[in-house]
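The sequence and structure come before the details.

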Amino acid sequence: MSTHNQGTELDLSWISKIQVNHPAVLRRAEQIQARRPVKKEWQAAWLLKAVTFIDLTTLSGDDTSSNIQRLCYKAKYPIREDLLKALNMHDKGITTAAVCVYPARVCDAVKALKAVGCNIPVASVATGFPAGQTHLKTRLEEIRLAVEDGATEIDVVINRTLVLTGQWEGSDFIKTSTGKETVNATFPVAIVMLRAIRDFFWKTGNKIGFKPAGGIRSAKDSLAWLSLVKEELGDEWLKPELFRIGASTLLSDIERQIYHHVTGRYAAYHDLPMS
Amino acid sequence: MRTGVIGLILPSTFSFLEMMWRICPALAVGCTVVALVPPASPTPLLLAQLAGELGPFPGIINVISGPASLGPVLASQPGVQKVAFCGALEEGRALRRALAGEGAELGLALGAEALLLLSDAADVDSAVEGVVDAAWSDRSPGGLRLLVQESVWEEAMRRLQARMGRLRCGRGLDGAVDMGARGAAARDLAQRYVREAQSQGAQVFQAGDVPLDSPFYPPTLVSDLPPASPCAQAEVPWPVVVASPFRTAKEALALANGTPRGGSASVWSERLGQALELGYGLRVGTVWINSHGLRDPAVPTGGCKESGSSWHGGPDGLYEYLRPSGTPARLSYLSKNLNYDSFGLVVPSALPAGPETGPTPAPPYGLFVGGRFQAPGARSSRPIQDAFGNLHGYVAEGGAKDIRGAVEAAHQAASSWAGQSPGARRALLWALAAALERRESALASRLERQGVELKAAKAEVELSVRRLRAWGAQAQAQGQTLQLGVLAIVCPDEWPLLAFVSLLAPALAHGNTVVMVPSGACPLLALEVCQDMATLFPAGLVNVVTGDRDHLTRCLALHQDIQALWYFGSAQGSQFVEWASAGNLKPVWVSRGLPRAWEQEAEGAGPELGLRAARTKALWLPMGD
């Protein structure tokens with residue numbers, strides 16, 4: 001992320017004037033998925049672009065340095081070398097946008113990325129992820145420690161207590177949710193968020209990024225997300241600085257699609273390297 | 001029962017769905033169809049071929065591929081019972097004039113313009129998507145008039161223009177395009193309209209990823225068009241959107257209802273009360289709230305005013321292809337030498353009546369307009385003879401000015417009458433019934449003077465009273481129906497009391513106000529009833545004008561502000577009424593010169609009367625938060 005959001009004075013009237021027509025938003029969500037299908041070599045190109053937006057994520061209780069190492073290697077080489085060669089994209093430096101891990105694993109991630117020779121940022125979830133129900137003092141300490149360890153991006157869990165009582169904070173990116181809820185990134189929610197980003201840009205000139213996370217598993221979905229951002233915000237937002245997809249198994253599905261495009265055959269999961 | 005053979009005439013830009021929406025109900029109730037389609041579309045021919053392969057019933061769908069000029073030829077074929085026409089306004093008018101006097105009934109669905117009303121309480125982004133659906137997609141039937149509240153004008157324009165930039169035009173079958181093309185004729189029409197709008201001072205904005213070759217036309221947004229300019233009055237072609245601002249909801253309604261077109265409209269406002277009020281106030285056939293273009297075969301779709309009065313979908317769509325059981329097939333009754341320009345123009349002068357006989361001089365009746373008896377504009381009366389050749393009374397000689405006054409009075413009473421609860425309507429009709437009962441002897445003696453036997457006269461009065469009560473009860477049972485507005489009724493010469501009451505009651509029961517021309521042979525009975533109506537009814541609810549029937553019919557048929565006309569008179573009069581209704585395309589019901597059995601339940605008080613006295617409106621309100 002290049003520039004930070006300077007922020008503005010909190011003006012709650014901006015929020016109270018907003019109207020959302022839910023059935024119309026649902027209709028628009030369905031339309032987006034149906035109206036902009038991308039096929040053949042253009043689909044392959046879009047899939048590779050989608051790879052560059054992925055925040056390759058692992059947030060499990062049993063993360064250790066070995067699976068972090070495997071993750072970081074996958075982040076550097078997201079698609080198998082021979083497939084990229086077949087597409088003539090092996091020298092374009094295609095990596096995922098970032099790697100996203102728990103604060104305790106930031107050290108391992110930084111080490112692994114250095115070993116593999118990759119300079120993508122390490123993002124850390126922090127502030128009592130995923131519920132955010134810890135003391136402010138420990139939450140701030142978490143962020144500080146993660147940054148000390150080498151994380152350059154932090155996914156902050158906002159204090160929902162404050163939200164529900166109307167006290168707001170600012171940020172550079174907005175994320176649909178932690179990814180650990182029952183319902184995470186859905187198109188109707190995203191449409192409303194993207195329209196809010198556009199309104200903020202029209203009002204203040206600041207560009208805020210967008211990150212859907214949770215439940216994005218298929219390559220087809222990822223293409224729909226790219227279409228959505230392109231339609232609502234335009235090509236300017238289709239950059240890793242302003243758009244991220246928080247996903248873990250998505251990369252495998254994209255790789256399988258690329259495999260199919262290159263070879264004409266459907267791959268099994270074991271044909272392609274694990275992440 | 002089913003109507004018979006239906007002729008279907010489709011315009012050059014019809015959609016397959018529109019065609020099926022008319023063919024399917026017709027077939028479902030047992031009619032057969034002959035469709036005239038433009039030569040460039042092979043799909044209906046394929047449909048007819050498939051239908052022909054169905055075995056035991058060849059010939060249920062027949063398709064003729066030919067130019068539009070064959071339309072009147074098809075429509076006037078003997079045996080065609082009803083013609084359904086779907087297309088442009090002027091062609092519909094021409095067809096209405098051409099079909100006057102022919103046997104077939106005409107159902108018109110004209111124009112394709114829609115309206116979108118964006119208030120300041122709306123989700124503007126979603127409304128912009130609604131505009132895209134309504135005007136810049138392959139599903140849109142035609143152009144769009146966009147009314148935007150002033151306070152959100154800048155926002156709406158900005159979002160519209162940004163959205164237009166993302167639209168993609170291309171070949172229709174490519175799944176990733178938003179809109180295709182509709183042929184060179186449609187493109188030329190759009191181009192002409194936009195050029196004229198520009199010359200009249202409008203701002204034109206076009207955007208989108210559009211192939212440069214014909215016949216693609218880019219999505220177009222026209223704003224700052226002066227309201228009085230000719231372009232603002234004409235129908236907006238596809239894919240043009242004409243945007244105008246409004247200040248208050250009241251102004252919005254005035255602007256929206258201020259065109260002769262009344263097809264479909266959508267209202268965008270998250271305030272439910274405001275949305276419903278606007279929805280109810282719009283004079284159109286279909287209103288969508290916070291959405292646009294929703295359709296369902298079970299919901300009637302149609303229009304009012306100059307968008308024609310035929311329906312498809314829902315029960316109204318089925319009634320288009322049905323007629324009351326027992327009515328005979330319609331035959332042509334065309335009178336080729338009827339001069340439309342001179343019919344009813346001049347009132348033949350009447351010879352003065354002979355000396356009065358009888359105990360007291362007969363008092364002249366005035367016209368019953370605006371709740372009281374008035375002298376006619378012409379300041380003259382005509383004598384009415386009874387069955388024995390004696391003078392029965394004098395009635396006013398009404399003319400064009402009196403018709404105008406009567407229609408105005410009816411309009412003034414219309415909104416408050418339409419707002420009455422069903423219970424109030426019932427109460428008024430029952431009060432009139434009671435008053436007629438009290439007046440029974442006077443009415444029976446007048447009928448006797450017209451040559452009706454006393455027993456039959458009493459029976460006629462009794463039946464009239466019963467009918468008033470029955471329609472009153474039905475008014476309450478049915479609840480709120482949507483009225484047509486001002487209904488003009490020319491009563492038959494026979495059954496001077498019964499027919500008058502049988503026509504009056506359903507019209508009032510469904511919330512209309514009426515202008516009536518009573519029986520020419522004996523208008524005195526109707527005027528007796530008016531004496532009671534003067535005390536019981538609000539002023540202007542019922543207006544009765546006597547005089548030369550042809551002249552009064554001419555005035556009513558040519559009046560642009562009457563919402564429907566029922567004519568029970570001569571064949572020539574019927575033909576004239578059908579011809580003249582092309583003026584504002586009011587729905588008409590004519591007797592074609594044939595008698596009607598008013599004393600029988602089926603013809604005198606059947607459901608047909610109720611159906612013709614009301615109209616339908618569909619209101620869509622999607623749920624969800």
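A polar contact is a pair of N or O atoms within 3.5 Å; within protein, one must be able to donate a hydrogen and the other to accept it, and residues adjacent in sequence count only if both atoms are side-chain atoms. This is a predicted model, in which local features need pLDDT of at least 70 and side-chain atom pairs count only at pLDDT 80 or more, while totals for chains, interfaces and linings use all residues. Residues are numbered from 1 along each chain as its sequence is written, chains are lettered from A and ligands numbered from 1 in the order in which they are written, and side-chain values use heavy atoms, with hydrogens and water left out.

**Annotated site**

The UniProt annotation "active site", from an unreviewed entry, covers A:Lys175 and A:Lys211. They span 37 residues in sequence, yet no two of their C-alpha atoms are more than 4.6 Å apart, so they gather at one spot. UniProt positions are given in the numbering used here, feature names are shortened, and annotations may be inferred rather than shown by experiment.

A:Lys175 is in strand 5 (residues 173-175) of chain A, and A:Lys211 is in strand 6 (residues 209-211) of chain A. Strands (E, at least two residues) and helices (H or I, at least four) are DSSP runs, numbered from the N terminus. A:Lys175 is partly exposed at 26% relative accessibility, whereas A:Lys211 is buried at 4%. Buried means under 20% relative accessible area, exposed over 50%, and partly exposed in between (1.4 Å probe, protein chains only).

The side chain of A:Asp155 makes a polar contact of 2.9 Å with that of A:Lys175 and one of 3.0 Å with that of A:Lys211. Beyond four places in sequence, A:Lys175 also touches A:Met193 and A:Ala213, among others; contact means heavy atoms within 4.5 Å. Under that sequence limit, the partners of A:Lys211 include A:Asp55, A:Cys100 and A:Arg244.

**Nonpolar cores**

A nonpolar core is a set of buried Ala, Val, Leu, Ile, Met, Phe, Trp, Tyr and Cys residues joined through side-chain atoms within 4.5 Å. The largest has 61 residues, and A:Phe210, A:Trp225, A:Phe243 and A:Ile254 have the most contacts inside it. A second, separate core of 57 residues includes B:Leu436 and B:Met516.

**Contact between the chains**

Chain A gives 23 residues to the contact and chain B gives 27 residues. The area buried between them is about 2,100 Å², with 41% from carbon and sulfur atoms; buried area is the accessible area (1.4 Å probe) that two parts lose on being put together, summed over both. A:Gln19, A:Arg35 and A:Trp202 supply 29% of the area that chain A buries against chain B, more than any other three residues.

Seven salt bridges cross this interface, a salt bridge being a side-chain nitrogen of Lys or Arg within 4 Å of a carboxyl oxygen of Asp or Glu. One of them joins A:Glu231 and B:Arg163, whose closest N and O atoms are 3.7 Å apart. Helix 2 of chain A gives the most to the side of chain A that touches chain B, with nine residues.

**Backbone exceptions**

Most residues other than glycine have a negative phi, and most peptide bonds are trans. The table lists exceptions.

| Site | Feature | Value |
|---|---|---|
| A:Phe129 to A:Pro130 | cis peptide bond | omega near 0° |
| B:Trp238 to B:Pro239 | cis peptide bond | omega about -10° |
| A:Lys40 | positive phi | about 55° |
| B:Asn290 | positive phi | near 55° |

A:Lys40 is exposed, with a relative accessible area of 58%, while B:Asn290 is buried at 12%.
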